[in-house]
Amino acid sequence: MIADPLVIIGAGAWGTALANAAAQAGRTVTLVARDPEHAATIEATRENLRFLPGALLHAGITVTADLGAAAVARALLLVVPAQALREVARSLAPRLAPGTPVVICAKGIERTSGRFMSDIVAEELPAAVPLVLSGPSFAEDVVRGLPTAVVLACGQEPVARSLAVALASPTFRIYHGTDVRGVEIGGAAKNVLAIACGIVMGCGLGESARAAMVARGFAELTRFARALGARPETLMGLSGLGDLVLTCGSAKSRNFAFGEALGRGVPLAEAAGGKLAEGAFTAAALVAMAGRHGVEMPISEAVAAVVAGEMSVDEAIGALLNRPIRAEHEII
Ligand SMILES: NC(=O)C1=CN([C@@H]2O[C@H](COP(=O)(O)OP(=O)(O)OC[C@H]3O[C@@H](n4cnc5c(N)ncnc54)[C@H](OP(=O)(O)O)[C@@H]3O)[C@@H](O)[C@H]2O)C=CC1
Ligand SMILES: O=C(CO)COP(=O)(O)O
């Protein structure tokens, strides 16, 4: 597939890291920032001081604030927060050539509509070919060229395969697949579960509690995915288990760090420390969707209640610890 020029919308931490990874893979990359001043500073310093300091941009990357760059894109990466994705997709609609592959890199569910990111792209960019990229990948690792593996899913298998080849490198291994729903569920739900693990650690409940939380979190995420028609094996892969293990086990995760701060008693309004914790926005939508499908997600429900200010951290922990004793695989 011809993926040049590759246009990346969103010059935050992940957009910048992906720009470097794609340039390393040989792509011609344009990185589009929202703020012209931010774009000019990155272009001049070759560093994204605001979101990813300490990493130099690959020489082949052009930085701009002009969304019009999307008009010549042979492939486009959408790397803005999940709650901004619709607005950004809508503004791209008149600019994008029909049939352009649009890779969703945000991990979340739209709060106001309860829609997945691929549904939003289908609504706002009906002529595009939607793909979802997800998996264990901290921007600061990827931008340094540390190795990881992610998954790229598209309903059209040949598009997923050829774009994976176009964007991959030995240190940024991209597997491909067709289970778009499964891949996006993994990315969205793990953020909520990472908040739960952060709370556990912030409260000092210990590593055993965290491991139990990961396992029970994985159980509820798999139940949810199955009810929504995703393939269970997708959730056992990079976008489910892989990313869950990463973000539930590292304070480098903003979702985990947010939960950890809550667990330490930092007030809700300050716990994210000005950083993006996607799970805080996704939790309520995830739980509502689970409810509509008759799926029990007690950990996600507890996180949703805490981030909505409806339950204290102690009450949420108490509610989870005092659930009835059941057979391990009883809840469906
Ligand atoms: N960071 C990571 O390691 C990874 C992140 N992701 C996902 O990628 C997505 C983006 O995260 P990340 O890059 O880390 O976030 P950052 O907070 O680092 O950056 C967000 C970027 O989006 C821009 N933005 C915010 N709102 C809008 C809007 N309404 N219109 C246009 N641009 C907007 C911001 O621009 P401005 O500066 O002008 O506000 C900023 O450049 C999230 O869904 C995250 O879960 C996925 C994998 C890894
Ligand atoms: O998705 C990520 C790593 O795969 C990044 O996690 P955070 O958004 O929690 O930092």
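Start by selecting helix α6, residues 157–167, where Val159, Ala160, Leu163, Ala164, Ala166 and Leu167 are buried. Look down the axis of α6: the buried residues fall within an arc of 160°, so they line one face of the helix. That arc is taken from the directions between the helix axis and the C-beta atoms. An α-helix has 3.6 residues a turn, so residues three or four places apart point the same way. Here "buried" means under 20% relative accessible area, "exposed" means over 50%, and "partly exposed" is in between, using a 1.4 Å probe and protein chains only. Helices (H or I, at least four residues) and strands (E, at least two) are DSSP runs, numbered from the N terminus.

A word about what is on your screen: this is a predicted model, in which local features need pLDDT of at least 70 and side-chain atom pairs count only at pLDDT 80 or more, while totals for chains, interfaces and linings use all residues. Residues are numbered from 1 along each chain as its sequence is written, chains are lettered from A and ligands numbered from 1 in the order in which they are written, and side-chain values use heavy atoms, with hydrogens and water left out.

Select glutamine 156, in the loop between β9 (148–154) and α6. This glutamine 156 is partly exposed, with a relative accessible area of 44%.

The contact between them takes 22 residues from domain 1 and 24 residues from domain 2, where contact means heavy atoms within 4.5 Å.

**The largest pocket**

Where does the largest pocket lie? Both domain 1 and domain 2 give residues to its lining, so the pocket lies between them. To find the spot, select Gly12, Ala13, Phe51, Arg254 and Leu276, which lie nearest its centre among the 49 lining residues. The pocket holds about 1,500 Å³ of space.

Pockets and cavities are found on a 1 Å grid over the protein atoms alone: a cavity is a set of points where a 1.4 Å probe fits but cannot get out, a pocket is an open set with protein on both sides within 12 Å along at least five of seven lines, and lining residues have an atom within 4 Å of a point. Grid points are joined across faces, edges and corners, and a volume is the space filled by probe spheres set on the points.

Elements that each supply at least two lining residues include α1 (13–24), β4 (52–56) and α7 (180–202). Helix α11 gives the most, with 4 residues. By class, the lining divides into 27 nonpolar, 10 polar and 12 charged residues. Ala, Val, Leu, Ile, Met, Phe, Trp, Tyr, Cys and Pro count as nonpolar, Asp, Glu, Lys and Arg as charged, and the others, Gly among them, as polar.

**A histidine in α2**

Select histidine 38 in helix α2, residues 36–45. Is it buried or exposed? At 8% relative accessibility, histidine 38 counts as buried. Leaving aside neighbours within four places in sequence, histidine 38 is in contact with Ala11, Ala33, Asn48, Arg50 and Phe51.

**The second largest pocket**

Now move to Arg216, Ile299, Leu320, Leu321 and Arg323, which lie nearest the centre of the second largest pocket, lined by 21 residues. About 560 Å³ of space lies here. Helix α8 gives the most to this lining, with 7 residues. The classes are 15 nonpolar, no polar and 6 charged.

**Cavities inside**

The whole structure has 2 cavities of 30 Å³ or more. The largest, of about 90 Å³, is lined by residues including Ala196, Met213, Val303 and Leu320. Its lining divides into 10 nonpolar, no polar and no charged residues.

**Last stop: histidine 293**

Finish at histidine 293, in the loop between α12 (278–292) and α13. With a relative accessible area of 39%, histidine 293 is partly exposed. Leaving aside neighbours within four places in sequence, histidine 293 is in contact with Ala227 and Leu228. Histidine 293 and alanine 227 are 66 residues apart in sequence and 6.6 Å apart in space, C-alpha to C-alpha.

Key. Domains from an automatic or database assignment.
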